[in-house]
Each structure stands twice: as C-alpha cells, then as structure tokens.
Amino acid sequence: NTRTSIPHHNMALARRGGQLSTSRRKRANPHRPALHAAFRSSTLRETVFLVGLVVAIFFVAWTYHFIQLCLDLNTEGGEDHGDRKLPGLVSPERSKIESEARQLRGSASVDNERQSIKRSKATKGGFERFVGIALDLSGLEPNETLHRLDTEDPFGTRNFDKKLMEEETRLGRILTMEEIEKLFPCPQIEERITLPDFRIEAKAKAFRDGVKGTFLFFQHLRKAGGTNFCSLAEKNLPKRAQPRYYCMPDMAWSGNKNAGYLHSWSNEEITRRMKEHRIAGNEWENFDPTRHFDLPAVFATSFRHPLDRALSQFRFECVEDRGCHEKDIHRWWEKRSDLKNIYTKTFADPAVGAKRYFRGSENSQQRRMFMSTAIGTLSKFHIVLSMEWLAYAAPQVKGTLGFKDVSALTTRVRPHIGQAKREDGQDTNALGSASIKKASWVPEEYLDEKQYTKMSEDLALDEVLTDVARRMFLERLVCTDLGGGVPTG
C-alpha cells in the first residue's frame, strides 16, 4: 500500500501543478497590455521612429530661428541693450538717436565693403605675422620677453628710436620727413602690421565733416601725452564742443564726482549726452572692445615707454604732492598693482584679477589671449600716437581728424602745473624725442638695479604692446598708400 500510495500522491501533485500553471496562464492573459504585442510589430516601430524624427527636425529648426532672432536683437543698434524697451514705448529722443546711429552704421558698412574689396585685391599684409610674434613674446616669462625685445627688436622700433635721438641731438632739431624715411623706409606690403587696415574711415570722415553726434573718443593713458592731446583738441574744436574739465564730459554727467570713467556709462547714455561735446576722454577705466567701437566716434590714443610712464606718474603724484603721500617708490609700486601691464589691461579689458596671470609658464595661454585682444583693439584705433614722437604726428592728426592747428604737438603741456612748477627748460619741444627724454627721469639712474628689474618685468606685456603701437605709428607716418596716415576708403 505504501509503494502504491506514493506514486498516486505524486501524480496528484503533478495534476494540481498543471492545473495551477494553466489557471495562472488563463488569469495572466486577460491582463497583459494590449500594446505590448503591437509594439513588437515592425510597422509600429517604424511609425514611432518617423514621428520622432519629424519632431526632432522641427525642434532643431525652431531653435536655429530663435538663436538668429536673438543675435539680430543684440547686434541691432550696436549698443548696450540691457535696458531695451518695447517698440511701442521707445521715446522720440531715443528713436532719433537710433535713427542717426543706423545712418552712420550704414555708411560704415558701405565703407567696410569697399575696404574689403581693396584688401582682397591687394594683400592681407603682415598683421597676422606680427601678432604671432607678439603672442609668442607674451607667452614667455617676463625676463625672457624683455631680453628678446632688446636683442632682436622684432618690431624694428627700438633701433629706429635710438637712431632718431642720435640724429636729433646731432642736428639740434626735429627731423624732416625725408630724414625720417631714411631711418625707417615704408616696409613692403607683407611686412606691414597696419595691413589689413581695420579702421573704419566712414567714422573718421563723419567727424571731419562735423556730422552731428560724432565725436573723438580719446583713450587717455595717464602720463603718456594725454594732456597734450586734449590741448590739441581745444585748439581745433569750438568752445561749446569742449567739456569743461580736461576733455572729460562725464565730470558734468556725474555731478562733479567722476571724470574719465566712460566704461561705466552705456553706449546709449554716451551717445545721448555727447550731442554737444565733440571729445570724450576715458582715463581711469578700460576701453571696452565689445561695444565702444559701436559709438559714432573716431578713436585715438597715445603711448609712452612703460617704465618712463610709471616713473613719471610717481613723480607727478607723489614727489610733487598731488594726492599721493608715499615718497618711497618701492612701497608705492607694491601698493599700485593696478599699474602692472596697465596698457595691456586697458585695451584687452580682462576680468578682474588678471594680474595673477602675468607670470608663470602655466599662465602662458592667458597672457597670449590678453595680448591678442589688446592688439586687435589697437588695430581699430584711427590714431595711435607715441608721446616721444608727438612732434612727428602732425600728418596723421591733420589727415585723420581734420585739425589744422597742431602746435600743441610740440608744446609741453603739464596738468595742474601751478601745484609744482618745473624749471627744466623743456616747455617747448625743439628736439623731438630727445627733448622728451631730457625732461624725463631716467629709470636706470633713478631706480636701483633690483627695483629697475622688478618694475620692468611687471611691465613686460606693456613693452610688447608699446612696440606694436609704435610700429603702427611709424608705418602710417611713412607709408602714404594702403594703411598710411589716413585710413583707406
């Protein structure tokens, strides 16, 4: 009985298991999702794929048009649109300003097209090659940068400056154009840093023609001939067109609180407030290459040998008691980190804290980027002067700005001279660069060797940019064709 009962028991369990399995299948089938089987169908998969593809194409197309619309809104008007109003709420005054700006831009675009055709027929010049040299120098450690500038003179300005002072001293006068050209002949087209010419002649012409709303934007590098340039403008502009305070109209705009802070004003505000004045100096803030070139202005600046400029500022502010109470130049320089590579920062307009990139091989790429932006900015300035060579700037000033009285270029003008009068016999510049040198403190003599090295290395990038600026000046002085003193147009 036991033997026969076990198989029967197993058979009973098997029958029960089979019944349970069947019942589970029967219960599961009614609840299985109907789409599961359909989704496995190839026809449905293809349909879903095609629908998804259409949706994706539509999304990409919509995104593209949206981006284009944003770009059009940002570029229209060539000014800061942070406070853009709805079309129906634009004031009549702003509408008039924008209309005049569009006319100027239209004229400029036609001029740019003509320049582009000229360049394509001629050559792209040597701009890219010289920029490459400048970037390579900027990527080096400061001491190596200075060594290569001194020994190789890659921009050809240092040997010229030395020969110029020798000739001026020997002859006892300013050189003639023929004598200048013997020292620095007009280079071949492919050797010109001024080609292609990135200046917009339409803006310079509009200023010369006295078009209402146009003005002279002067990037004032402190103690680099800025007061001379302001005096030059005063001799050639109507009294009503001159700001009351040293060519800086924002002194009145700010209620006599600030002067020379144009980076702090929007393009719209500058354009609106410059209806009467025809010159605006920006001394204490950087030039903003992303928007300032959109102003209806002609652009000018003046350089000076970086270490001479720094020493002159210390002498002017501290030694002669104009607001500075630090008489020791070592301590003064340590406090004035804002003056390190001040030229490069002014024209590159980097973010706050750029000074930490001025040294170290790990920061080489950042220095190259600063220099690239600074040179690109400088190449668009209509006039780039050198304080040491102001006596030779008359052709460019007359041709580009239309000024007739250029006597200020050979007259020493010192701001606030009543506070500390100098008796150095250099009120009139009769010797050109030799006269400027005679009136300046000589860094090698005034500074001890350690301080001289430190300050020089802290200004290494500015040394490169100054040589670039000087070559631009020289080429525009001696080359009368493409890229000469007057912008091509």
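## Helix H7

An α-helix has 3.6 residues a turn, so residues three or four places apart point the same way.

Helix H7 covers residues 158-171, and its 14 residues should span 20 Å at 1.5 Å a residue; the end C-alpha atoms are 20 Å apart, which agrees. The expected span is 1.5 Å times one less than the number of residues in the helix. Gly172 follows H7 and has a positive phi, near 70 degrees. Helices (H or I, at least four residues) are DSSP runs, numbered from the N terminus.

## Basis of the model

This is a predicted model, in which local features need pLDDT of at least 70 and side-chain atom pairs count only at pLDDT 80 or more, while totals for chains, interfaces and linings use all residues. Residues are numbered from 1 along each chain as its sequence is written, and side-chain values use heavy atoms, with hydrogens and water left out.

## Disulfide pairing

Three disulfides (cysteine sulfur atoms within 2.5 Å) are found in a search of the whole structure. With the bonded cysteines of the protein chain numbered in sequence order, the pairing is 1-6, 2-3, 4-5.

## The Cys186 and Cys479 link

Cys186 is joined to Cys479 by a disulfide with an S to S distance of 2.0 Å. Cys186 lies in the loop between helix H8 (177-183) and helix H9 (201-208), and Cys479 in the segment after helix H21 (460-478), so the pair ties together parts that are 293 residues apart in sequence. The torsion about the S-S bond is about 115 degrees, so this disulfide is right-handed. Cys186 is partly exposed, at 31% relative accessible area, whereas Cys479 is buried, at 1%.

## The remaining two links

The sulfur atoms of Cys230 and Cys247 are 2.0 Å apart and form a disulfide. Cys230 is in helix H10 (residues 226-236) and Cys247 in the loop between H10 and helix H11 (250-253), 17 residues apart. This link is right-handed, with 95 degrees about the S-S bond. Cys230 is buried at 5% relative accessibility, and Cys247 is buried at 6%.

Cys318 and Cys324 are also joined, S to S 2.0 Å. Their S-S torsion is about 85 degrees, so the disulfide is right-handed. Both Cys318 and Cys324 are buried.

Note on methods. Helix = DSSP H or I, 4+ residues; strand = E, 2+ residues; numbered from the N terminus. Buried < 20%, exposed > 50% of the residue type's maximum accessible area, 1.4 Å probe, protein only.
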